[in-house]
Amino acid sequence: MGRLKFKVLTSCETKETITFGKSRAPTLFFSSMGSTSAGLALIEFMWYNNILETIGNTPLVKLNNITREISATVLMKVETTNPGNSIKDRMALKMIEDAEAAGLLKPGGTIIEGTSGNTGMGLAIAAVVKGYRCIFTTTDKQSKEKIDALRAFGAEVIVCPTNVEPEDPRSYYSVSSRLVKETPNSWKANQYDNLSNTQAHYEQTGPEIWEQTEGKVTHLVVGVGTGGTASGVGRYLKEKNPDIQVWGIDTYGSVFKKYKETGIFDKNEIYPYITEGIGEDFLPENVDFDVIDLFEKVTDQDAALMTREIARKEGIFAGNSTGANIAGLLQLKARLKPDDLVVVIQHDHGSRYMGKMFNEDWLRERGFLEDEKLTAQRILRARGDIATVMVDAEQTVLETFNMMKSMNISQVPVTQQGMVVGKVTESDILEALLDRPSLKSAMVKEICTVPFPFVDLRTSIDKISSLINKENQAVLVEDEYGRIAIITQYDIINAIAK
Ligand SMILES: Cc1ncc(COP(=O)(O)O)c(C=O)c1O
């Protein structure tokens, strides 16, 4: 606890009563002073004792644009104000506190977990404050930003292959289980089956939503990974009002939806997917299928594109699973009525996806972007079918110069046995000949410089332009037929001007 502080309030301030639920955040008490209605506010403390005390009490924000086609009111529970920028801080701290209380995690111990990043971040922050060491295993599917962020807090991170069965000794589940056996004084958080995860949301997130909506919430839309958020918040809300609907958002490639609908665990439902944080290839203990009324699957493309749209239309920088939640909600919009009050969970922050959903080239490489922007392919199409002039590495400098002059070109790729090995420009030839006139009969490979960079047909004009500079006045691209084409500054300007 920090310092106690009193403040004299005006009459208008005393009309307001502010409550913060069961939070650890500063609590304001208002007391009216007789008929004057002026009052004294006791602000319980003026600072937090450590960063862990700032977890929770996250804002609920109305969405105004992205959900325009939905008749109901839609609110987003913005969990990125937690210190680790995700909802997982809540359950990470709760799992640690419960393990400490049960004597499973002892002073100086090591926390081990298989985590896709956000739980790791919550555990790592709590470990710094409480003096534990952290070792995390994660998959090579996870964004680099998430892994680097864990390392920023001093955690050790082991990256394991994604496309192996959970029982495979190389999987991130198996590696973390092995580490816990081999590391003295260690504890595995096991977010999937550790019910402190669900309990954290039952004790904190659920009551916050209930109080913030004054009990008017009718629907909860939540991504399901470990299941802790959906099960904990859902259980609390349903205890308050059994009519509240809990809609779990799932991915294609995950087993949840089919299991809920048929009771069958179907291995055929399992295949690799891109969406991060939601869906699973097994049934975690934290998924309470009785609390979740339905599962809605969202494609990787819809989740990725919606993630961008939330930033563009609401100014909220949300992660990939939040995109899936909104896309899923829009898929289900026909089930909503104007009086409904929907709460959608924003699980984490967009900054963790800068190299993915917020990178147009990444989206384009996966075929997720219907091209509104110019790409290498569209630049080539705009230019028409022109064969690329190349020069063989063993041609002489003079022959090369004469060929370039006759064809009116200022730069040319140099090839050897069909492979691009370099480039030569008019100024390279001029410089070489001024320096040593005898070089005119030397092979062009003697004076050529590094090749033009290669790009993909889907590479954006922005990326291509960034690669073109004084030393590199063009890029190369393999077209649909495997032929090498050259794109120059001139082609780019022409394509833009069309
Ligand atoms: C980004 C993100 N979204 C959603 C989830 C799913 O939440 P839960 O594990 O509580 O089901 C996770 C869990 O790892 C996550 O990291």
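A: An oxygen atom of the ligand lies 2.7 Å from a polar backbone atom of Gly225, a polar contact being a pair of N or O atoms within 3.5 Å, where within protein one atom must be able to donate a hydrogen and the other to accept it, and residues adjacent in sequence count only if both atoms are side-chain atoms. Side chains take part as well: a polar side-chain atom of Thr229 is 2.5 Å from an oxygen atom of the ligand, while in Ser321 a polar side-chain atom is 2.6 Å from a nitrogen atom of the ligand. Of the 380 Å² of accessible area that the ligand has on its own, the protein covers 98% (areas from the Shrake-Rupley method with a 1.4 Å probe; for residues, only the protein chains shown count as cover).

This is a predicted model, in which local features need pLDDT of at least 70 and side-chain atom pairs count only at pLDDT 80 or more, whereas totals for chains, interfaces and linings use all residues. Residues are numbered from 1 along each chain as its sequence is written, and side-chain values use heavy atoms, with hydrogens and water left out.

Around the ligand there are 15 residues, each with a heavy atom within 4 Å of it. The closest of these are Lys88, Gly225, Thr226, Thr229 and Ser321, so that list includes Gly225, Thr229 and Ser321, whose polar atoms were described above.
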